[in-house]
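These are my notebook entries on a single protein chain. I set down what I looked up, entry by entry.

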Amino acid sequence: MSTPATQLKRLEARIPAHVKDAIERAAFLQGRTLTDFIIEVAGSKAREIIREHEIIHLSRADQIAFAEALLNPPEPNAKLKEVADWYRRETGR
């Protein structure tokens with residue numbers, strides 16, 4: 001299953017013969033070319049790994065604490081006020 005691409009890049013890899021044999025067999029069983037199979041499987045796995053690393057998982061208690069902090073933020077402490085004043089002086093904002 002090819003997808004339209006504006007730019008194609010080449011990928012080369014040396015892999016053990018038994019791994020290549022398994023990939024070729026799996027591609028054949030799905031009626032795909034080796035290239036299409038590798039693009040789909042590697043791309044899918046890459047997206048899954050990226051998604052796992054980009055999503056923050058919070059416990060129920062942490063979700064509630066986070067929402068509470070957003071809805072009712074605490075007053076700024078002295079250090080935050082100091083940094084905000086410094087930022088205003090430095091940027092003129």
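Where is the place of arginine 88? I found arginine 88 in helix 4; helices (DSSP runs of H or I, at least four residues) and strands (runs of E, at least two) are numbered from the N terminus.

**Entry 1. Basis**

I worked on a predicted model, in which local features need pLDDT of at least 70 and side-chain atom pairs count only at pLDDT 80 or more, while totals for chains, interfaces and linings use all residues. Residues are numbered from 1 along each chain as its sequence is written, and side-chain values use heavy atoms, with hydrogens and water left out.

**Entry 2. The chain as a whole**

I looked up the secondary structure and found four helices and zero strands in the protein chain. In sequence order the pattern reads α-α-α-α. The radius of gyration is 25 Å, well over the 12 Å that the globule rule gives for 93 residues, so the protein chain is more spread out than a compact globule. That radius is taken over C-alpha atoms, and the globule rule is 2.2 Å times the number of residues to the power 0.38. I also noted the spans of the C-alpha trace along its principal axes, about 65 × 35 × 25 Å.

I then turned to accessibility. Of the 93 residues in the protein chain, 4% are buried; buried means under 20% relative accessible area, exposed over 50%, and partly exposed in between (1.4 Å probe, protein chains only). The accessible surface comes to about 9000 Å², and 59% of this belongs to carbon and sulfur atoms. Accessible areas come from the Shrake-Rupley method with a 1.4 Å probe, and for residues only the protein chains shown count as cover.

**Entry 3. Helix 4 and its ends**

I found that helix 4 covers residues 78-91, which is 14 residues. From first C-alpha to last, helix 4 reaches 20 Å, close to the 20 Å expected at 1.5 Å a residue; the expected span is 1.5 Å times one less than the number of residues.

What caps the N-terminal end of helix 4? Asparagine 77 does, with a side-chain oxygen 3.2 Å from the backbone nitrogen of lysine 79. Just after helix 4, I recorded a positive phi of about 75 degrees for glycine 92.

**Entry 4. Salt bridges**

I counted five salt bridges, each defined as a side-chain nitrogen of Lys or Arg within 4 Å of a carboxyl oxygen of Asp or Glu. Side chains of opposite charge can pair when their charged atoms come close.

Glutamate 82 is partly exposed at 49% relative accessibility, whereas lysine 79 is exposed at 52%.

Aspartate 85 and arginine 88 form another salt bridge, with their closest N and O atoms 3.2 Å apart. Both lie in helix 4, three residues apart, about one turn of the helix.

I found glutamate 12 and arginine 10 exposed.

**Entry 5. Helix 1 and the segment before it**

Helix 1 has 13 residues and reaches 18 Å between its first and last C-alpha, close to the expected 18 Å. Glycine 31 follows helix 1 and has a positive phi, near 70 degrees.

Isoleucine 15 lies in the segment before helix 1 (17-29) and is partly exposed at 40%. How far apart in space are isoleucine 15 and arginine 88? I noted 57 Å, C-alpha to C-alpha, for a sequence separation of 73 residues.

**Entry 6. A nonpolar patch**

I looked up the surface patch made by Ile56, Leu58, Phe66, Leu70 and Leu71, which is nonpolar and covers about 580 Å². Patches are made of residues with over 30% relative accessible area and no salt bridge, with like charges joined within 9 Å and nonpolar side chains (Val, Leu, Ile, Met, Phe, Trp, Tyr) within 5 Å. Isoleucine 56 is in the loop between helix 2 (34-54) and helix 3 (60-71), and is exposed at 71% relative accessible area.

Terms used
A polar contact is a pair of N or O atoms within 3.5 Å; within protein, one must be able to donate a hydrogen and the other to accept it, and residues adjacent in sequence count only if both atoms are side-chain atoms.
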